[in-house]
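Reader: I am new to this structure. Could you take me through a few of its features, one by one?

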Amino acid sequence: MRCLTTVAVLAVAFAVPAHADELTGTLKKIKETGAITLGVRDSSVPFSYIDEKQKTVGYAIDICMKIVEEIKAELKMDKLEVNENLVTSSNRIPLMANGTVDLECGSTTNNAERQKQVWFTNTHFLTASRFVSKKALKLDQVDDLKGKAVVSVSGTTNITQLNKANAAHSLGINVMNAKDVPEAFLMVETDRAVAFVMDDIQLASMIASSKDPSLYAISTGAFSDPEPYGIMLRKDDAPFKAVVDRATAKLYKSPEIEKIYNKWFMEPVPPRGLNFRVPMPAALKKSFEHPSDNPDPASYGG
């Protein structure tokens with residue numbers, strides 16, 4: 001089935017060798033070590049985070065485990081050890097590039113700039129960059145942040161978008177850096193910043209898990225069109241990407257993806273039983289029908 005016929009040779013970028021001595025890159029590494037390492041997050045609810053049992057769970061984790069099953073079957077392995085390595089917004093790309101992690105399972109935006117350093121598989125979520133603030137401040141549009149202290153997370157597309165808007169519109173915003181999402185939200189809670197810029201779904205998550213969700217509002221004004229999240233993998237490893245893309249395409253075209261989505265966005269999630277009540281957007285449903293790793297927001301109807 002996978003012998004190197006003329007057709008297979010022409011399609012070498014998309015085919016994966018069956019024999020161990022033909023394997024290259026990440027597939028070879030996994031076959032030889034008997035293990036795969038997932039880059040996971042500790043607080044990116046509900047995508048990738050640590051629950052009350054100190055287990056890493058989430059929407060992206062469930063998707064990554066489907067990819068692991070496909071890799072195991074492709075390599076004809078009876079057992080495949082799954083290791084985890086905690087990553088942050090700042091170090092996730094370096095740790096992918098240097099071989100520390102093989103798949104990054106979180107809430108990472110796929111954009112053209114990042115594709116110069118890493119690759120992504122098919123889109124699993126769409127989100128826009130907005131800000132959260134206390135309702136009492138009545139801040140809703142980007143211009144409302146003029147001259148104010150605003151926080152975002154280091155190493156994210158969001159802080160880049162905030163800095164660009166700040167410069168382009170001469171807003172005079174005091175841009176503050178936080179190491180992660182919980183720290184940034186805490187700065188709004190404690191009034192050290194008036195707003196926190198991040199992907200809207202992550203802001204919804206922080207509000208839902210806050211002491212008093214009624215105090216906060218997410219802006220209607222946005223710093224971006226809806227942007228795609230993707231599982232990240234190493235660049236220039238076509239055989240590995242072929243397997244990963246096949247796994248995600250099969251999942252996204254099946255009824256199972258809706259069950260996985262609803263489990264994390266329409267039902268109570270651990271550890272506190274929060275329900276984000278975010279139905280699957282029409283644009284995401286459409287993207288699942290035609291799986292793609294396109295980083296252009298316009299391609300998703302954004």
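Predicted model: local features only at pLDDT ≥ 70, side-chain atom pairs only at ≥ 80, totals over all residues.

Reader: Which parts does the pair tie together?

Author: Cys64 belongs to helix 3 and Cys105 to strand 6, so the link ties parts that are 41 residues apart in sequence.

Reader: Are Cys64 and Cys105 buried or exposed?

Author: A residue counts as buried when its relative accessible area is under 20%. Both Cys64 and Cys105 are buried.

Reader: How many residues does the largest nonpolar core have?

Author: A nonpolar core is a set of buried residues joined through side-chain atoms. Here the largest has 46 residues, and those with the most contacts inside it are Tyr59, Ile71, Leu103 and Phe125. Several elements supply at least two residues each, including strand 1 (35-40), strand 8 (125-127) and helix 9 (256-265). Helix 3 gives the largest share, 8 residues.

Reader: What does Phe125 touch?

Author: Leaving out residues up to four places away in sequence, its contacts include Phe47, Tyr59, Ile201, Tyr261 and Leu284. Apart from this core lies another, of 16 residues, among them Val132 and Phe196.

Reader: Which residues does UniProt list for a domain?

Author: An unreviewed UniProt entry lists residues 35-268 as "domain: Solute-binding protein family 3/N-terminal". In the model that span is 33% helix and 25% strand, and its end C-alpha atoms lie 32 Å apart.

Note on methods: Residues numbered from 1 in each chain as written. Heavy atoms only, no water. UniProt positions renumbered as here; feature names shortened; annotations may be inferred. Helix = DSSP H or I, 4+ residues; strand = E, 2+ residues; numbered from the N terminus. Core = buried A, V, L, I, M, F, W, Y, C linked by side-chain atoms within 4.5 Å. Buried < 20%, exposed > 50% of the residue type's maximum accessible area, 1.4 Å probe, protein only. Contact = heavy atoms within 4.5 Å.
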